[in-house]
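Where does this protein leave open space, and what lines it? The walk below goes through the pockets of the structure.

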Amino acid sequence: MQVLSGAGTSIVSSGRLLLKDVPHVAPPSVASCWAGSRSSTTSTSTPVVVSSVPPSAARARVIQRRRARTPIRLVKTQAAGDAPPSPWKKKDSRLVLEDGSVLWGTAFGASGTQLGEVVFNTALSGYQEVMTDPSYKGQFVCFTCPHIGNVGINPEDMESDKVHLAGIVVRDLSVAVSNYRATMSLDEYCKQQGTMGISGIDTRDLTIALRDVGCLVGVMSTDTSKTDEELIGMAKSWSIVGKDLLAEVTCKEPYEWRQGTDAEWEFSAATQAAQGREPFHVVAYDYGIKKNILRRLASFGCRITVVPANWPASEVLKMNPDGVFFSNGPGDPSAAPYAVENAKQILGQKPVFGICMGHQILGQAFGGSTFKLKFGHHGGNHPIRAPGGRIEVSSQNHNFAVDPATLPAGVEVTHINLNDGTCAGMVWEDKKAMTIQYHPEASPGPHDADVSFEQFVNWMNAERSKKAVAA
């Protein structure tokens with residue numbers, strides 16, 4: 001072996017060429033290349049030992065390795081037992097599905113064991129709005145966007161006062177937060193809300209499975225005392241079908257709302273028509289209503305009274321509103337017959353507008369029925385064919401749909417989901433009723449369908465004009 005003196009840590013070759021920074025060595029050779037971190041015990045008298053290979057031959061070997069794209073392993077000696085800890089947290093959480101699949105990942109947020117239906121969401125932004133949307137009650141959301149958490153959490157973008165979903169599944173949880181509005185990280189927020197999260201999951205593979213076989217019930221758990229078989233049994237014993245989740249997310253007492261979209265975020269010139277006009281009084285049934293729905297109604301000139309999901313129709317009509325709104329919400333619409341009965345009593349009395357769960361409740365009130373979709377519609381990129389051939393890209397979140405074959409004469413299916421041909425909107429002119437299956441308020445998502453609020457306001461304005469002429 002050839003011994004070279006210079007700064008560095010002693011390295012012994014074991015049949016492999018080892019590179020080290022050795023200053024003041026001439027002629028230049030591989031021995032003078034940079035090869036890793038300097039030792040904290042640098043000494044000018046410490047020898048460096050490399051393979052006894054002539055410089056020209058050594059360079060040839062480096063070139064050969066580079067051409068073969070075989071990396072040279074750089075070695076730094078360490079004392080026994082002094083290995084640094086891994087910067088990556090070990091996989092310590094499971095997502096167990098009812099079909100027997102066991103997916104290991106890394107836990108964040110709260111610990112424990114949680115049960116829910118697993119769905120996938122294809123939105124590329126707005127994870128905070130998704131988490132605080134009451135329509136996700138009882139569900140685990142698998143985000144197809146691979147990088148989640150990078151903009152943190154801020155108090156302005158909440159769609160309700162808390163997280164309602166059962167947990168979130170992500171490919172990669174961002175290790176850094178970069179947004180001027182953020183006040184905490186996603187991990188911190190999940191801990192605060194008692195919400196479980198799991199990262200390191202192959203979300204593409206999971207999404208393909210859900211698309212092929214349909215939604216699956218799952219159990220997320222950090223409890224190592226529970227066996228996979230126990231968790232699979234829990235998943236098989238639960239179903240979201242037949243669950244009345246409206247009662248779990250609705251408000252307890254009526255309240256008023258008048259706050260519109262902040263001027264900084266307003267995007268529609270149509271809202272300017274509301275300036276100087278007497279507000280329309282709208283009673284909104286809260287099946288899990290999102291704050292941005294209330295903001296958009298207010299921006300179009302509405303004064304909203306929000307009432308619980310089971311508020312009697314007779315009490316609503318006593319308020320003599322200009323219109324009645326039926327909101328979004330979670331779960332099975334057929335599990336809330338009281339909501340359907342209230343809608344039946346209001347139909348024809350006042351202009352009504354329903355979205356998402358409200359669309360399904362009104363569909364049943366019309367005389368139709370609903371059914372469960374294979375994997376639902378969850379995301380911000382669903383194409384809709386609207387009246388006049390107009391195409392809207394919409395924000396959606398629902399697992400059930402109205403069966404158009406069961407609707408009575410007089411009900412027109414006005415909107416069609418172009419992905420699967422399902423009913424996405426209805427109008428019953430005689431009953432002054434309009435519905436859409438998706439979310440015109442977005443948050444997150446595109447603003448294409450915001451025109452629905454304008455149409456509802458136009459209906460109420462027409463009714464007001466009729467009353468004025470009659471008087």
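The model is a predicted one.

The largest pocket holds about 930 Å³ of space. Its lining takes residues from both domain 1 (93–237) and domain 2 (246–470), so the largest pocket lies between these domains. The lining numbers 37 residues, and those nearest the centre are E129, D157, R181, W265 and S443. Among the elements that each supply at least two lining residues are α2 (127–131), β7 (147–148) and α7 (291–299). Sorted by class, 13 residues of this lining are nonpolar, 14 are polar and ten are charged.

S443, one of the residues nearest the centre of the largest pocket, sits in the loop between β21 (433–436) and α11 (451–470). Buried means under 20% relative accessible area; S443 counts as buried because its value is 17%. Apart from neighbours within four places in sequence, S443 is in contact with E129, E159, K290 and N292. K291 is 152 residues from S443 in sequence, yet the two are 9.4 Å apart in space, C-alpha to C-alpha.

The second largest pocket holds about 450 Å³ of space. It is lined by 19 residues, with W88, K89, T106, L173 and S199 nearest its centre. At least two lining residues come from each of β4 (102–109), β9 (172–173) and α3 (186–193). β4 gives the largest share, four residues. The lining of the second largest pocket has six nonpolar, six polar and seven charged residues.

Key:
Residues numbered from 1 in each chain as written. Predicted model: local features only at pLDDT ≥ 70, side-chain atom pairs only at ≥ 80, totals over all residues. Heavy atoms only, no water. Buried < 20%, exposed > 50% of the residue type's maximum accessible area, 1.4 Å probe, protein only. Contact = heavy atoms within 4.5 Å. 1 Å grid on protein atoms, 1.4 Å probe; cavity = no way out; pocket = protein on both sides within 12 Å on 5 of 7 lines; lining within 4 Å. Points joined across faces, edges and corners; volume = space filled by probe spheres on them. Nonpolar A, V, L, I, M, F, W, Y, C, P; charged D, E, K, R; others polar. Domains from an automatic or database assignment.
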